[in-house]
Amino acid sequence: MKNAFLVFSYTHNDKPNMPLMLHVLLFANEMKEKGEVVKIIFEGEGVNWAKDLLNEEHPFSNHAKQLMDNFVVCEACASMFGVLGDIKDNLTVENDLFGHISLKKYLDEGFNVIKF
């Protein structure tokens with residue numbers, strides 16, 4: 001199977017929504033360990049997670065390490081939220097749809113899309 005986790009959210013009650021991201025990482029790691037193809041797509045304010053998870057001091061660093069090659073970040077949103085400079089040399093950045101990630105590309109490649 002191929003699964004793409006689409007992460008648009010970052011905050012809940014004015015702070016990072018830690019339970020949301022923890023579950024994305026847990027589910028994605030489980031699937032990857034079982035041999036499935038996984039992508040975690042960061043769009044909208046979700047691009048802030050990409051920057052946060054690059055920090056080795058982040059509480060979810062151990063969960064994120066084995067998934068960094070599976071992260072895909074929206075270039076337009078990363079630019080808009082001021083994190084592009086922090087991530088562009090470390091993570092995959094895509095801009096196929098007017099600067100954003102083409103979700104259709106992933107659907108055409110057979111990915112199931114799971115929204116968060």
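Contact here means heavy atoms within 4.5 Å. By this criterion, in the predicted model, Leu 25 touches Ile 40, Leu 53, Phe 60, His 63, Ala 64, Leu 67 and Phe 71. Residues up to four places away in sequence are not counted.

Leu 25 is one of the buried residues of helix α1. This helix comprises 16 residues, 18-33. At 1.5 Å a residue it should span 22 Å, and its end C-alpha atoms are 22 Å apart, so expectation and model agree. Beyond the helix comes Gly 35, with a positive phi near 90°.

The buried set of α1 consists of Leu 20, Met 21, Val 24, Leu 25, Ala 28, Asn 29 and Met 31. These residues cover an arc of only 165° around the axis, and therefore lie on the same side of α1. Pro 19 and Glu 33, on the other side, are exposed.

The largest nonpolar core holds 36 residues. Within this core, Met 21, Leu 25, Ile 40, Phe 42, Leu 53 and Phe 71 touch the most other members. At least two core residues come from each of β1, α1, β4, α2, β5, α4 (75-80) and α5 (84-87). Helix α1 supplies the largest share, six residues.

How values were computed
Residues are numbered from 1 along each chain as its sequence is written. This is a predicted model: local features need pLDDT of at least 70, side-chain atom pairs count only at pLDDT 80 or more; totals for chains, interfaces and linings use all residues. Side-chain values use heavy atoms; hydrogens and water are left out. Helices (H or I, at least four residues) and strands (E, at least two) are DSSP runs, numbered from the N terminus. The expected span of a helix is 1.5 Å times one less than its number of residues. Buried means under 20% relative accessible area, exposed over 50%, partly exposed in between (1.4 Å probe, protein chains only). The arc is that of the directions from the helix axis to the C-beta atoms. A nonpolar core is a set of buried Ala, Val, Leu, Ile, Met, Phe, Trp, Tyr and Cys residues joined through side-chain atoms within 4.5 Å.
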